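Dear colleague,

Please find below the structure I am handing over to you. My notes on what was found in it follow directly after.

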Amino acid sequence: MRLYCLSSHPNKPCYVLRFKEIVMMLDCGLSAQTALNFLPLPLVPSSRLANLPAWMPQDTVDIQLEGELKECMGRVFVDSAPEFCPPLTNMIDFSEIDVILISNYSSMLALPFITENTGFRGVVYATEPTLQIGRLFLEELVEYIEQTPKRNQAKFWKDILHLLPSPLCDSFKPKTWRLLYKLSEVQSSLSRIKVVGYDEKLDVYGALKVTAVSSGYCLGSSNWVISSDYEKVAYVSGSSTLTTHPRPMDQTVLRNSNVLILTGLTQTPTANPDTMLGELCMAVAMTLRANGNVLIPCYPSGVVYDLFECLSSHLDNSSLSTIPMFFISPVADMSLGYSNILAEWLSNTKQNKVYLPEEPFPHGYLVKTGRLKHYKRIYSDGFSTDFRQPCVVFCGHPSLRFGDAVHFIEQWGNNPLHTVIFTEPDFPYLEALAPYQPLTMKSVHCPIDTSLNFTQANKLIRELKPSTLVVPQSYTIPPPNHAHRSELVIDQESRYVISIQRGEVVSLAVKRQMAKVSLCPTLADRINCSEVRSGICLATITAGLYVKDNQHKILELPDETPVVPKKRRLSKSEGESSSNSMRYEWGILDMDLFIRKLKQEGISDAKVEQNNSGYIIHLQEEDTLIQVEEKSTHIYCEAADTQLRLKLRNILMQCLSSF
């Protein structure tokens with residue numbers, strides 16, 4: 001069993017598992033942090049961005065490089081459409097992938113890169129919410145990029161990395177970065193997904209069974225159990241034990257696996273989600289009381305649902321219930337709609353509200369009462385009429401490189417009354433704000449990550465008791481910003497731990513020792529067992545072993561006569577054997593007895609040499625070699641000397657135990 005790591009970001013994982021001749025991809029996350037190296041894409045032309053000074057390396061004049069790089073407050077950015085870092089393509093041929101298992105909607109943004117124009121012919125499995133909300137993420141991302149196209153694509157800067165300032169010079173293989181896919185490719189890739197339910201056992205070409213179980217992280221998020229008849233692999237990605245709106249994490253079937261692959265832990269190990277949520281509510285209230293506006297860059301689903309609920313309640317308690325909230329996204333209406341109809345994937349508390357009847361999420365009530373208004377774009381019909389300040393605006397993208405959030409930062413950036421609050425942990429907030437400097441509006445960092453922290457992960461591992469644990473290498477050392485915090489790592493004591501990083505292939509300690517075989521009923525009826533020891537019975541059968549579609553079957557032979565190659569005729573001694581007189585030899589060859597038997601048959605010139613694997617017997621007059629190993633014996637002689645070969649075989653068989 002081999003595991004390939006195709007991604008550098010533990011929270012945007014992409015692994016490939018080779019197990020029992022099946023090639024299986026585990027998630028296909030897309031790292032968007034590379035977009036931070038590019039200038040924002042404003043919805044309307046920005047004179048500030050257009051007038052940023054061009055940057056060129058010292059003592060270098062390269063006409064091709066002109067216009068590709070610009071400088072903002074000492075930081076150099078690429079002036080081009082943003083590029084993304086897809087999973088590695090040179091480690092494995094995507095056309096060989098049989099199955100892709102998707103854990104949650106945030107781990108499937110690279111799916112079009114995997115399935116389209118690569119020869120991929122496999123199957124993709126995901127839950128209904130993962131498919132539907134993942135579709136929203138993909139479509140929103142494509143629309144954000146396509147609504148503000150760039151005329152030229154910058155590429156020559158990648159040839160002079162050594163001349164560029166940090167962090168551009170530290171970019172990891174920027175020539176492998178790619179422009180985003182098209183909407184047609186998104187639709188084609190999504191059409192390959194087969195929807196599965198929790199605890200549904202799926203057959204993978206007869207070799208493996210895969211099962212999705214709730215991970216508790218977001219709507220429809222899954223952990224996966226991959227099992228054969230005698231081996232089990234658990235893949236745990238993006239899980240949470242906190243009580244939020246998704247169905248709670250199911251740990252039962254993950255226990256006692258041969259291998260546990262763990263990834264997707266919290267990106268903010270020192271930040272408590274409840275504390276961050278409290279700080280966010282306080283920051284919003286303070287800004288609104290000062291007559292300022294609040295911008296919260298967000299994704300179209302996930303934590304934003306909890307923000308609607310908690311923030312509206314806090315504003316009510318703070319006598320700010322008249323403050324409007326705006327949710328702006330190309331998929332805002334579909335996101336709000338889907339969240340209220342996916343009841344079976346919600347926690348019990350949310351499910352119970354469905355049957356009252358009552359909408360499971362408060363945002364349904366907020367929309368009806370006009371507290372929360374949603375629009376596809378800032379230039380949608382009705383937005384300019386409904387928009388009033390002070391207000392709270394939820395919109396994307398959290399990187400602040402594209403989407404409606406770019407417009408609000410440009411509009412409000414010079415006013416210290418306004419505040420931008422970062423809740424998504426995917427992007428360092430100072431990096432996100434870098435191309436907008438100097439910025440006078442306040443910025444607040446309240447990252448809310450409900451994924452497992454290291455304490456919770458270590459507790460989970462102790463309860464699951466895997467034989468082998470596989471984790472990203474970054475989980476084995478403290479985070480760079482907290483190098484002294486030795487508790488912010490995965491415990492590596494008392495278990496076998498394998499660390500893996502981008503571009504690595506590791507062998508997993510799972511050896512196939514047994515396989516399940518079905519026995520033909522007719523043969524089973526004729527079995528006559530003999531008790532060889534108290535409680536142990538043995539029986540012998542003569543039959544054929546057939547392997548098809550990874551299923552092993554023992555069936556009756558179509559002809560009781562032993563099968564012999566057509567190139568030679570059966571000798572009398574060979575033809576005498578039949579299934580009724582079959583002998584089964586076993587045990588280790590007694591070398592002294594074998595030499596004595598040879599002498600009794602007139603072969604007295606045998607020379608025996610011992611080596612690491614066994615013995616080599618040289619019959620000089622017969623020009624024959626006999627190689628004896630622990631589990632096999634080979635006779636090398638003239639092909640035409642059939643009688644000598646049969647004679648030697650019979651002598652050897654006499655020296656073995658049989659029944």
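Does V547 count as buried or exposed? V547 counts as exposed, because its relative accessibility is 52%; here buried means under 20% relative accessible area, exposed over 50%, and partly exposed in between, with a 1.4 Å probe and protein chains only.

This is a predicted model, in which local features need pLDDT of at least 70, side-chain atom pairs count only at pLDDT 80 or more, and totals for chains, interfaces and linings use all residues. Residues are numbered from 1 along each chain as its sequence is written, and side-chain values use heavy atoms, with hydrogens and water left out.

Surface patch

V547 is placed in strand 26 (residues 544-548); helices (H or I, at least four residues) and strands (E, at least two) are DSSP runs numbered from the N terminus. Together with V517 and L545, V547 makes a nonpolar surface patch of about 270 Å². Such patches consist of residues with over 30% relative accessible area and no salt bridge, nonpolar side chains (Val, Leu, Ile, Met, Phe, Trp, Tyr) being joined within 5 Å and like charges within 9 Å. A salt bridge is a side-chain nitrogen of Lys or Arg within 4 Å of a carboxyl oxygen of Asp or Glu. Accessible areas come from the Shrake-Rupley method with a 1.4 Å probe, and for residues only the protein chains shown count as cover.

A buried loop threonine

T266 belongs to the loop between strand 13 (259-263) and helix 5 (273-289). T266 counts as buried because its relative accessibility is 8%. Its side chain reaches the backbone nitrogen of T268 at 3.0 Å. Leaving aside neighbours within four places in sequence, T266 is in contact (heavy atoms within 4.5 Å) with D449, S451, L452 and N453.

Aromatic pairs

The structure holds 17 aromatic pairs. Rings of Phe, Tyr and Trp (its six-membered ring) pair if their centres lie within 6.5 Å; planes under 30 degrees apart count as stacked, over 60 as edge-to-face and the rest as tilted. One of the pairs is formed by F408 and W412, which is tilted, at 5.0 Å centre to centre and 55° between the planes. Because F408 and W412 are four residues apart in helix 11 (residues 404-412), about one helical turn separates them. Both residues, F408 and W412, are buried.

F454 and Y475 form an edge-to-face pair, with 5.7 Å centre to centre and 90° between the planes. This pair links distant parts of the chain, 21 residues apart: F454 is in helix 13 (residues 454-464), and Y475 is in the loop between strand 20 (468-472) and strand 21 (496-500). F454 and Y475 are both buried.

Backbone geometry

Most residues other than glycine have a negative phi, and most peptide bonds are trans. The peptide bond from S166 to P167 is cis, with omega near 5°, and P167 lies in the loop between helix 3 (128-146) and helix 4 (183-190). Q437 and P438 are also joined by a cis peptide bond, with omega about 0°; P438 is in the loop between helix 12 (429-433) and strand 19 (442-445).

D27, a residue other than glycine, has a positive phi near 70°. D27 sits in the loop between strand 3 (22-26) and helix 1 (47-50) and is buried, with a relative accessible area of 0%. Phi of D199 is likewise positive, near 70°. D199 is found in the loop between strand 8 (193-196) and strand 9 (201-204), and at 46% relative accessibility D199 counts as partly exposed.

With kind regards

Technical notes: A polar contact is a pair of N or O atoms within 3.5 Å; within protein, one must be able to donate a hydrogen and the other to accept it, and residues adjacent in sequence count only if both atoms are side-chain atoms.
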